Amino acid sequence: MELQTGFPLLLQQFKSLFYKNFLLSWRSKRATFLQLFSSFFFIFLIYAIQEAIQASFDSSTNYDDVFDPKAVSWYPIPPCEDKFFVKLPCYDFVWSGNDNDRIRSIVSRIMINNPGRAIPPNKVLSFRNTSDVDEWLLSNPMHCPGALHFVERNATVISYGIQTNSTPAAKRGNYEDPTLKFQIPLQLAAEREIARSLLKDPDFSWMVSLKEFAHPAIDNFSAVASIGPTFFLAIAMFGFVFQITSLITEKELKLLQALTMMGLYDTAYWLSWFWSEGIIAALSSLFTVLFGMMFQFDFFLNNNFAVLYLLFFLFQLNMIGFAFMISAFITKSSSSTTVGFSVFIIGFLTQIVTAFGFPYATRFSNTYRIIWAFFPPNLLAEGLQLLARATSTPGDPGISWSGRTRCVADDDDDTECLISINDIYKWLIFTCALWFLLAIYFDNIIPKSGVRKSVFYFLNPGYWTGRGENKLREGGLCSCNSSVPLPEHEAPDDEDVLNEENIVKRQATDGLLDPSIAVQIRGLVKTYPGTTKIGCCKCKRNSSYHALKGLWVNFAKDQLFCLLGPNGAGKTTAINCLTGITPVTSGDALIYGNSIRNSVGMSNIQKMIGVCPQFDILWDALSGQEHLYLFASIKGLPSASLKMVVQQSLEEVRLTEAAKVRAGSYSGGMKRRLSVAIALIGQPKLVILDEPTTGMDPITRRHVWDIIENAKKGRAIVLTTHSMEEADILSDRIGIMAKGRLRCIGTSIRLKSRFGTGFIANVSFSETNQGTSTGPDTSTTMFHEAVKQFFSHNLNVKPKEENKSFLTFVIPHDKEKLLTNFFAELEDRKSEFGIADLQLGLTTLEEVFLNIAKQAELESAAAEGRFTTLSLPSGTSVQIPIGARFIGIPGTESAENPRGVMVEVYWEQDDSGSLCISGNSPETPVPQHVNAEPMAPSRASTNRVFLGREGPVYGNVIHPMEIGTSNP
Ligand SMILES: Nc1ncnc2c1ncn2[C@@H]1O[C@H](COP(=O)(O)OP(=O)(O)OP(=O)(O)O)[C@@H](O)[C@H]1O
């Protein structure tokens with residue numbers, strides 16, 4: 001099937017990723033709902049705050065149009081309880097001059113003649129002079145709203161003064177103007193009664209009316225301008241946090257890595273996210289403006305719709321770009337909320353600073369404004385200020401579309417225009433593009449799975465032409481990678497591995513590419529470099545590690561090559577090198593002639609490989625069918641064939657019925673099957689299966705084996721597994737790795753015959769000879785003994801397992817030549833021995849595996865000179881090199897045993913694969929001819945005495961050859 005390439009592939013990848021993002025948004029409805037409609041909640045809050053604040057100025061006409069002001073002529077002295085925040089007991093007024101009869105009479109008339117309400121005597125306090133009043137007011141704050149001070153100059157002149165608490169106050173939506181409420185009534189009462197007293201006419205009266213100017217609303221409090229920036233930032237923060245979470249989750253779960261292995265273009269990935277989030281931002285901005293209009297804000301009604309919409313949309317888009325960029329620095333999706341909260345707090349603070357005029361005033365230099373514009377919330381705050389200022393009074397027309405470029409002086413002092421709404425658009429577009437490019441740049445240079453590109457990767461022409469080396473680096477940006485020498489090349493001990501290596505080397509030197517070979521690995525070396533991370537308080541050092549120490553091997557077409565090896569052998573590393581996830585340190589590999597070290601080669605390889613990674617890399621919210629559609633599209637399968645291919649794949653892995661079920665609800669086995677289907681989709685020419693059947697039940701496992709078996713045709717398959725049965729059944733060739741090296745290679749039978757302990761003979765006896773249930777009869781014992789005798793006499797072997805129905809013998813390889821005659825004779829004497837059935841088989845692959853792993857561990861322990869303690873039943877403890885088989889015990893020399901005694905040590909591997917002592921033989925004399933070496937490390941070559949204490953005792957290693965035996 002012809003796969004798409006170039007721009008059509010990019011377009012197809014973009015479409016399928018866009019659809020994936022759409023599905024993810026659709027299925028996380030709560031998050032999407034918040035992104036789209038959180039604006040309603042915030043605008044409602046702005047509305048409520050605006051209403052509350054305006055209500056507090058209700059008694060003032062400053063915020064209203066007053067075209068026909070009313071005259072007010074009714075000004076009684078109000079009861080003191082009407083004063084806001086008054087303390088009880090309170091007084092309607094206090095006065096001074098009480099040592100004067102005439103003044104006393106004037107005050108009593110003020111109280112009696114107060115319009116509408118006579119003031120009771122207990123609501124008034126009198127003093128002799130003004131200083132006494134001041135003293136009382138000082139010691140009794142808020143107990144009285146005003147004071148009158150009278151002085152009788154002469155019979156015709158009485159002067160007076162007024163004191164009021166002149167602070168305007170607001171309480172629960174009401175405004176208190178002290179002049180109108182307290183000062184004028186006191187003034188009118190004092191003047192009225194002074195006039196009556198002087199004229200001696202108790203009915204003398206005149207009308208005083210007060211009337212304000214007709215005026216339009218003087219100011220318009222804009223909650224949108226004052227608190228809007230914070231609230232609109234909060235709306236954008238939902239998208240910001242969800243965006244970072246989605247991106248980091250895809251990295252964390254290695255979903256992005258899986259897509260990259262399938263040949264994903266970076267651009268398609270980022271564009272798909274940008275578009276899908278851009279659409280949500282577009283809708284969210286639309287709803288923001290519509291809700292603003294719905295709540296009848298002048299800000300939203302008077303400014304042009306497009307001008308408003310563009311500001312909100314560009315801001316939200318900018319925040320998405322910002323989220324992309326920030327996500328490159330975050331490794332855990334759980335951190336995204338913290339990051340979002342931090343950005344919000346910083347934005348909140350810088351918006352306050354912006355609202356106070358920084359840096360959009362002529363006294364600040366342009367540099368400040370440029371720096372300020374790189375943080376999107378600042379631009380939003382300034383944009384909202386401009387729009388609010390354009391609608392500050394109800395008569396203001398707002399900013400029209402054509403007026404968006406018009407620059408209005410910011411301040412009364414400022415005559416120079418500093419920024420227009422159009423400039424804000426330009427800054428938002430520019431910085432958004434910048435964040436987008438930086439996101440791709442940082443994503444490339446900040447390590448993912450320990451791998452990154454060079455800081456100046458974009459300066460390498462090969463990056464743009466695709467013809468350069470596939471240069472990836474390892475380690476963090478700030479870590480100093482020490483240059484590590486390559487591991488020494490050791491010629492393999494095993495003849496088959498050596499042969500394979502020579503074949504590959506010869507083919508590499510000749511430059512010949514055998515058409516039957518799918519993958520040729522040429523001396524692959526992978527060293528994870530040691531890094532020194534300089535933290536704030538400490539230096540952290542990791543030493544380098546040679547995970548692959550020179551791998552030379554061919555994988556043939558139409559065959560399955562199984563890589564076995566204990567944990568940490570380097571299997572996954574080898575696979576990661578082949579798929580381009582990990583850069584190789586040295587050597588190369590050709591996959592169908594394409595080098596993994598070359599960018600073009602790697603992009604060709606990605607089109608022809610399918611990978612089933614060790615751990616399922618799936619989106620919980622997507623169904624099996626959707627996964628297959630996505631991966632097939634990323635791979636470049638023509639869109640016309642997608643449906644058919646996906647159906648076939650689902651049928652193949654028996655997931656048709658669960659095709660529409662979300663992968664999150666799949667069982668472990670179903671997920672593995674889906675991963676296998678993804679690896680096989682698009683007929684890849686090389687399929688890499690890393691432990692594909694982990695967690696599957698035996699029935700499903702066998703079914704997947706069938707799938708793998710059928711998939712061999714026309715492609716090469718590389719399989720890693722810890723199931724020896726799987727390896728045995730599926731493999732055409734097996735390579736067992738340990739400690740980064742290939743230890744053996746060949747077919748299953750060859751490995752068993754070369755590395756197994758020998759043959760297994762199972763002898764089962766006929767039922768009639770098995771005695772009663774209470775115990776074997778004498779004939780059974782007789783048959784058993786006869787067979788045992790026969791084996792012992794001819795092959796020198798004892799049974800490994802025995803019960804009343806069968807005997808099992810392990811026959812070493814060196815007896816192979818005797819076997820034909822031996823079994824022919826046994827077959828002839830079957831009835832004589834009471835034998836029902838006779839089976840001969842090779843030892844299991846598992847045994848081969850264990851032997852190879854143990855051998856590798858022994859070698860490495862010997863190479864590293866590691867020691868362990870052997871505790872003998874006699875109570876002696878000796879230090880012995882790990883893996884040593886025969887040990888002479890120092891200090892046991894005697895006349896009887898002049899060379900002392902020795903033991904054979906038995907080794908086994910623990911769960912982590914390390915060797916540990918499983919037991920030892922009884923002590924036997926060391927033969928006379930044996931030369932035992934004291935095997936202490938150089939620093940403790942003798943059994944020294946340290947500070948009065950004995951040092952450790954080191955055993956003498958005896959080479960097995962000296963005793964006449966060979967190594968296991
Ligand atoms: N990024 C890394 N940095 C340092 N060392 C690493 C890194 N990745 C793997 N290693 C080391 O390289 C060695 C080989 O690891 P690898 O994952 O290839 O083993 P494996 O054979 O696949 O094991 P398993 O069967 O457990 O999957 C291990 O000792 C591992 O600790």
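Predicted model: local features only at pLDDT ≥ 70, side-chain atom pairs only at ≥ 80, totals over all residues.
Reader: Let's start with the domains. How far apart do the C-alpha centres of domain 1 and domain 4 lie?
Author: Happy to begin there. The domain assignment gives domain 1 as 36-43 + 221-445, while domain 4 covers 758-842. Their C-alpha centres are separated by 85 Å.

Reader: UniProt has a "transmembrane region" annotation here. What are the helix content and the end-to-end C-alpha distance over residues 221-248?
Author: The unreviewed UniProt entry lists residues 31-49 and 221-248 among its stretches under that name. Residues 31-49 are 100% helix and 0% strand, with end C-alpha atoms 26 Å apart. Over residues 221-248 the chain is 89% helix and 0% strand, and there the end C-alpha atoms are separated by 42 Å.

Reader: What span should helix H9 have, given 1.5 Å a residue?
Author: Helix H9 runs over residues 266-294, which makes 29 residues. The expected span is 1.5 Å times one less than the number of residues.

Reader: Which residue with a positive phi follows H9?
Author: Past the end of H9, the backbone has a phi near 60 degrees. The residue with that positive value is Gln296.

Reader: Which residue in E24 stands opposite Ser764?
Author: Strand E22 (residues 758-765) pairs with strand E24 (residues 806-812) in the antiparallel sense. The two are joined over 7 bridges. Opposite Ser764, the residue in E24 is Phe806.

Reader: And the sheet with the order E2-E1-E3-E4: what does its twist average from one strand to the next?
Author: It is an open sheet of 4 strands with mixed pairing. Its edge strands, E2 (124-127) and E4 (157-164), each pair on one side only. From one strand to the next, the twist averages 20 degrees.

Reader: Which residue in E4 stands opposite Leu148?
Author: Strand E3 (residues 146-154) and E4 run antiparallel, joined by 8 bridges. Across from Leu148, the residue in E4 is Ile162.

Reader: Where is Met142, whose phi is positive?
Author: Met142 is a residue other than glycine, yet its phi is near 65 degrees. Its place is the loop between helix H4 (130-139) and E3.

Reader: What is omega for the cis peptide bond that joins Leu88 and Pro89?
Author: Pro89 belongs to the loop between helix H2 (29-56) and strand E1 (93-96). The bond from Leu88 is cis, and omega is about -5 degrees.

Reader: Finally, the ligand. Which element gives the most to the shell around the ligand?
Author: The ligand is surrounded by 12 residues, the closest being Tyr528, Ala547, Asn567, Thr572 and Thr573. They divide into 4 nonpolar, 7 polar and 1 charged. Strand E13 (545-556) and helix H18 (571-579) each supply at least two residues of this shell. With 3 residues, the element that gives the most is H18.

Notes: Residues numbered from 1 in each chain as written. UniProt positions renumbered as here; feature names shortened; annotations may be inferred. Pairing = 2+ DSSP bridges. Domains from an automatic or database assignment. Near = placed C-beta within 6 Å. Nonpolar A, V, L, I, M, F, W, Y, C, P; charged D, E, K, R; others polar. Axes fitted to C-alpha atoms, helices over the stretch in contact; angles between N-to-C directions.
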